[in-house]
Amino acid sequence: MKARIEWIEGRVFLGTSNSGHGIVIAAPTGQGVPTIAPSPMEYVLLGTGGCTATDVVMILEKGRHDVRGCEVTLDADRAPEEPKVFTKIRFHFKVTGKGLKHDAVERAIKLSAEKYCSASIMLEKSGTEITHDFEIVEAD
């Protein structure tokens, strides 16, 4: 896997992935100062959430469960001193579907956390405490 980061101006960078997709990255300039794009650490958190959400949906679909939606809310704490690594991330899943079983959703989240989500597993191995909880919403 490869990527390219190009400085545009100020604290704004353009990232290009190996697959040719681009993202804007904006480092914060100060507390409370608005930026034009997520910061690098926000992208780490977003990528981790995207990784596990993808896993959960794919696992449920593979098990032929009628999943209709998956939303993951991440709440992260960071170290107060440099390097300001993530110290704790709480994942809350809201999984919507028809007749979804508690055990199936719990299993999908556990498989993602323990086997498939490279991002969260990497963070956990580096010392980030990670917790998961979920709710199931019955689809109309």
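Me: What makes E2 and E3 a hairpin, and which residue in the turn has a positive phi?
Reply: In this predicted model, E2 and E3 form a hairpin with 4 residues between them. Gly 20 in the turn has a positive phi of about 90°.

Me: How do you know that E2 and E3 are paired, and in which sense do they run?
Reply: Pairing requires at least two bridges between the strands. E2 and E3 (residues 22-26) are joined by 5 bridges, so they count as paired. They run antiparallel, and Leu 14 stands opposite Val 24 in E3.

Me: What makes E1 and E2 a pair?
Reply: The cut-off is again at least two bridges. E1 (residues 3-9) and E2 (residues 12-17) have 6 bridges, therefore they pair, in the antiparallel sense. Across this pairing, Ile 5 has Gly 15 in E2 as its bridge partner. The hairpin of E1 and E2 has 2 residues between the strands, and Gly 10 there takes a positive phi near 50°.

Me: Why is Thr 128 called buried?
Reply: Buried means under 20% relative accessible area. Thr 128 has 5% relative accessibility, so it counts as buried.

Me: Where does Thr 128 lie in the chain?
Reply: Thr 128 sits in the loop between helix H3 (118-125) and strand E6 (129-138). Gly 127, which follows H3, has a positive phi near 110°.

Me: Which residues is Thr 128 in contact with, leaving aside its neighbours within four places in sequence?
Reply: They are Phe 86, Thr 87, Lys 88, Ile 89 and Leu 123. Leu 123 is itself one of the buried residues in H3.

Me: Which residues of H3 are buried, and what do they pack against?
Reply: Ala 119, Ser 120, Ile 121 and Leu 123 are buried in H3. The buried residues of H3 pack against helix H1 (40-62), strand E5 (86-98), helix H2 (102-116) and E6.

Me: How many helices and strands does the chain have, and what pattern do they follow?
Reply: The chain has 3 helices and 6 strands. Along the sequence, the pattern is β-β-β-α-β-β-α-α-β. Of the 140 residues in the chain, 28% are buried.

Notes. Residues numbered from 1 in each chain as written. Predicted model: local features only at pLDDT ≥ 70, side-chain atom pairs only at ≥ 80, totals over all residues. Heavy atoms only, no water. Buried < 20%, exposed > 50% of the residue type's maximum accessible area, 1.4 Å probe, protein only. Contact = heavy atoms within 4.5 Å.
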